[in-house]
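Here is a brief report on one protein chain. Keep the sequence and the 3D view open while reading.

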Amino acid sequence: MNITDDRIKFLRLLSEKYRSRQQVCTEIINLQAILNLPKGTEHFMSDLHGEYEAFSHILNNSAGVIREKVDMLFEGTLTSRERSSLCTLIYYPEEKLEKINEEGRNTEEWYRFVLQNLIDLAKMLSSKYTRSKVRKAMPSEYSYILDELLHAQADEDNNQFVYHQKIIDTLLKLGEGDDFIIALSSLIKRLAVDHLHIVGDIFDRGERPDAILNMLMQHHSLDIEWGNHDILWMGAACGSQACIAAVVRNCLSYNNISVLEQGYGISLRPLVLFAEKMYDETDPNKAAKKAISIILFKLEGQIIRRNPDYGMQERLLLDKVNFDDATIEIDGVVHELKEKRFPTINRMDPYALDPAEREIMDELEKLFRESEQLQRHVTFLYNHGSMYRKFNGNLLFHGCVPLDEDGNLKALHFGGRIYQGKSYMDYADSIARRAYFSDDRTQKELDFMWYLWCGSNSPLSGRVVKTFERTFLSDESTWKEPKNPYYRYQDSEPVCRMLLREFGLYSENSHIINGHTPIHVMEGENPLKANGRLIVIDGGFCKAYQKTTGIAGYTLIFNSHGMRLKSHQPFSGMEAALSENLDIDSQSQQVATLDKRLMVADTDTGEMLKEQIADLEDLLTAYREGLIAAKA
């Protein structure tokens, strides 16, 4: 065996874990077996926008997959009503059990009936995983019992059946039926989805992004591709005052300041008191929105002037206002402003904060940076998130890869260097991480967090954001926000293939998966673009979008047989689900069908396992040739 000294050092380290030839052989056999299991099911969701109740239900029902499996398994043995009740029990076991107990239906016969159905369903879902992986997925307090019940083998005297019946008898005798149902339901939900992708925008609009993040932090396997609304909150947590002002303005605009005050312990009282003094508004929230809007436009102007390489000089509008008659000239047209009074504007320097505004922003920055819950959530977003991700042959990012008018990768200049395509996405990712983690972060990096939120060439935004016009001008023609050419080329298969190649993806089964731009289903828009090469999965979780999208969100499902897109109707609420067993109505659309079933060997995990097998085979050879002495 020809082997380098460095390789011998590595194999010696590996031998500390696998101390004998037998242990190495056992692990190789185990890994080879895993390679030949079906690939796990992936779910993709985007643009959750704080809609916790709908998201929670879709996560609990695995985007309708659990209902499909229940129907498949029990169609011949359970009525439709019984199947619906079983599904609700799996989605919300604690709440459903409480109702059943209140109604007096929790008889021993009922427990036996339900437990057997749950065990059968868990057996079905566990069949594509190794026994070891299923065991690790089990709630620890019942792992031994669950392992026994899920791996029963028929025998001629029915000894296994009797043994399992005794287990259930003892559980019920000890009063553990409810807790065991909860444990089984948890296992079923975990086995139904092997990995979850959140393709951006957890925050804003809806009231409970904090609750969504709490739920995601409990998920067994996921990744997050940052959205523009996520990066805004991340920038605020870093201490960017422009991001903080934009977060506060958004919360006031969407009337969900509770996420700030109750969710993250960030008080707006100083801002509200200041605004009530400065602006003639009976509604304190409207006054606060006016005050924070002016502060935001000032801070944005400072950033644009500090960073000419952003190319956003045309967004310097505050200094173009004629404060005498409250008008502004844009593109040769004079517009009247809806707001007539600007008590905090210094006409000699419109972008300077006055002392009271500075004090408010310094206090807000302190609150954002010291909010333990916000910092915990943002740390989670950094640890599990990124600007983009390649996963099992697919390219995931929230917004766009900036293109020029001809559909080529746009060259962008930052810090004296040129970036485009993948290099630009990598650059943006690295600056975002420095802004949060680096002890010597600079104002430049904090400014870039704001740019990622709303810069015209930001990969998370990709449009010219017209907040000033939407705030101050009645002429809605000025509100139109020009988009990067990427959005015009989304339906071009050659361009999409070029983008996949840019990120090193050449397979015919590779796709780009985006969120960010709601699909207007009611107008006939198709989420599948470029002959299925690109899939946009923003279907309108946010209630404000549902009138135009016509649906209430998408889930893209990628299992070992192919891809399909589930479109969801609005959720009736947990109470309706519990009392009437109502589920979200979902429709399925096939995206791609594979010629042969995908196995673990065909995935990114499979490539890592093959490398591990190669290392173990070298260690086995080293043991056999005496290059390394076995430890046991």
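Is Phe 437 buried, partly exposed or exposed? With a relative accessible area of 42%, Phe 437 is partly exposed. The model behind this value is predicted.

## Aromatic pairs

The structure holds 26 aromatic pairs. One of them joins Tyr 382 and Phe 437. Their ring centres are 5.2 Å apart and their planes stand at 70°. Planes over 60 degrees apart count as edge-to-face, so this pair is edge-to-face. Tyr 382 sits in helix H19 (residues 372–384). Phe 437 sits in helix H20 (residues 422–437). The pair therefore ties together parts that are 55 residues apart in sequence.

Tyr 486 and Tyr 487 form another pair. Here the centres are 5.3 Å apart and the planes stand at 90°, so this pair is edge-to-face as well. Both Tyr 486 and Tyr 487 are buried. There is also an aromatic cluster. Its members are Tyr 310, Phe 414, Tyr 419, Tyr 424, Tyr 427, Phe 448 and Tyr 451.

## Helix packing

Helix H1 (residues 5–15) packs on helix H26 (residues 604–624). The axes are 10 Å apart, at an angle of about 95°. H1 and H26 are therefore roughly perpendicular to each other. From H1, the contact uses Arg 7, Phe 10, Leu 11, Leu 14 and Ser 15. From H26 come Ala 614, Asp 615, Leu 616, Asp 618, Leu 619, Ala 622 and Tyr 623. By class, the H1 and H26 contact has eight nonpolar, one polar and three charged residues.

Helix H5 (residues 80–91) and helix H6 (residues 93–102) also meet. Their axes come within 5 Å and cross at roughly 125°. H5 and H6 are therefore oblique to each other. H5 brings Ser 85, Thr 88, Leu 89, Ile 90 and Tyr 91 to the contact. H6 brings Pro 93, Lys 96 and Leu 97. This contact has five nonpolar, two polar and one charged residues.

Lys 390 lies in strand S8. At 39% relative accessibility, Lys 390 is partly exposed. Which residues does Lys 390 contact, leaving aside its neighbours within four places in sequence? They are Leu 395, Phe 503, Leu 505 and Asp 604. Lys 390 and Phe 503 are 113 residues apart along the chain, yet their C-alpha atoms are separated by 8.0 Å.

Asn 392 lies in the loop between strand S8 (388–391) and strand S9 (394–397). Asn 392 is buried, at 16% relative accessibility; the cut-off for buried is under 20%. Neighbours within four places in sequence aside, Asn 392 touches Lys 39, Glu 42, Phe 558, Thr 603 and Asp 604.

## Cysteines

How many disulfides does a search of the whole structure find? The search finds zero. Cys 454 is in no disulfide. The nearest cysteine sulfur to that of Cys 454 belongs to Cys 243, 8.0 Å away. A disulfide needs sulfur atoms within 2.5 Å. Cys 454 is buried, with a relative accessible area of 5%. Cys 251 is buried too, at 1% relative accessibility.

Note on methods
Residues are numbered from 1 along each chain as its sequence is written. This is a predicted model: local features need pLDDT of at least 70, side-chain atom pairs count only at pLDDT 80 or more; totals for chains, interfaces and linings use all residues. Side-chain values use heavy atoms; hydrogens and water are left out. Axes are lines fitted to C-alpha atoms, for helices over the stretch in contact, and angles run from 0 to 180 degrees between N-to-C directions. Helices (H or I, at least four residues) and strands (E, at least two) are DSSP runs, numbered from the N terminus. Angles under 35 degrees count as roughly parallel, over 145 as roughly antiparallel, 65 to 115 as roughly perpendicular and the rest as oblique. Contact means heavy atoms within 4.5 Å. Ala, Val, Leu, Ile, Met, Phe, Trp, Tyr, Cys and Pro count as nonpolar, Asp, Glu, Lys and Arg as charged, and the others, Gly among them, as polar. Buried means under 20% relative accessible area, exposed over 50%, partly exposed in between (1.4 Å probe, protein chains only). Rings of Phe, Tyr and Trp (its six-membered ring) pair if their centres lie within 6.5 Å; planes under 30 degrees apart count as stacked, over 60 as edge-to-face and the rest as tilted.
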